[in-house]
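Q: Can you walk me through this model? Start with the fold, then go inside.

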Amino acid sequence: MARVINEQDNAARRRDILDAAQRLVFSKGYEPMTIQDILDALGMSKGAFYHYFDSKAAVLEALIARMRDDAMGVLKPLLDDPALPALDKIRRFFAASGRWKTDRRDILLPLLRTLYSDDNFVLRQKLSAGTAALSAQLLGDVIRQGIREGTLNTPFPDQAGEIAMNVLVDLSEMLAGEILKPDVAAADLPRIEARVAAHTDALERVLGAPAGSLLIIEPATLRAWLAPQAGPPRKPHAAAVRNRPKR
């Protein structure tokens, strides 16, 4: 019994550290935040902190992993819903993912800046690989369902999920680079929307989905991330977003 209580206490204390770090990232940013800031916020000793984390980078990695698990808690039930056809599952997955990220933009944006700094390349690759592997596994079941339903068509259902996630990871890398540009402007939106459309077309081809059946990121969501840098909202680039060539 004592061991169970100790494990519960450890989990709670680790959660407290991550909560404090998240508040500090939000209020002052990751780079200015120090381990001492976390200690001061919690009234914790340095020795106690190092019992749970060996560095500030380890806190960041755990914080991002926790947010990924939080996202999966929202998204996985959509993919597991037995009442939904496969295409609807994929569409809802993308829509819910976009909403989840946009709702947390204020905390995700400073984390994005930190992840995409030169010093964090290895961390970024490790986190991307972990997320892609988990998502590919979940997507594989949906792909097989879509094949049974006749809405998806690929002779490689096991590999298609992994390849699809590679397309999405590449798109995420591109969008992160655009979002973090200090000089992105409204004139850049058609170019960015065209690249999103190209990735969407590639995804549909990998899955064998009908042309125009999927929307990875809604134009409004894209503008929500780019608008602070790119100026006021405008009509989406229809040629890129909605009128992709028929196959």
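**Fold, cavity and confidence**

A: Along the sequence, the protein reads α-α-α-α-α-α-α-α-α-α-α. This is a predicted model, where local features need pLDDT of at least 70, side-chain atom pairs count only at pLDDT 80 or more, and totals for chains, interfaces and linings use all residues. Residues are numbered from 1 along each chain as its sequence is written, and side-chain values use heavy atoms, with hydrogens and water left out.

Q: How many helices and strands is that?
A: The protein has 11 helices and zero strands. Helices (H or I, at least four residues) and strands (E, at least two) are DSSP runs, numbered from the N terminus.

Q: What cavities turn up?
A: Searching the whole structure gives three cavities of 30 Å³ or more. A cavity is a set of points, on a 1 Å grid over the protein atoms alone, where a 1.4 Å probe fits but cannot get out; lining residues have an atom within 4 Å of a point.

Q: What volume does the largest cavity have?
A: About 1200 Å³. That volume is the space filled by probe spheres set on the points, with grid points joined across faces, edges and corners.

Q: Which residues lie nearest its centre?
A: Ser97, Lys101, Leu112, Thr131 and Ser172, out of 38 lining residues.

Q: Which helix gives the most to that lining?
A: α8, with nine residues. Helices that each supply at least two include α5 (86–103), α7 (121–149) and α8 (157–179).

Q: And the lining by class?
A: 26 nonpolar, eight polar and four charged residues. Ala, Val, Leu, Ile, Met, Phe, Trp, Tyr, Cys and Pro count as nonpolar, Asp, Glu, Lys and Arg as charged, and the others, Gly among them, as polar.

Q: Switching to serine 128. Where does it lie?
A: Serine 128 lies in helix α7.

Q: How far is serine 128 from glutamate 173?
A: C-alpha to C-alpha, they are 9.7 Å apart in space, and 45 residues apart in sequence.

Q: Now confidence. What does pLDDT average?
A: It averages 82, and 89% of the residues score at least 70. pLDDT is the predictor's confidence in each residue, from 0 to 100.

How values were computed:
1 Å grid on protein atoms, 1.4 Å probe; cavity = no way out; pocket = protein on both sides within 12 Å on 5 of 7 lines; lining within 4 Å.
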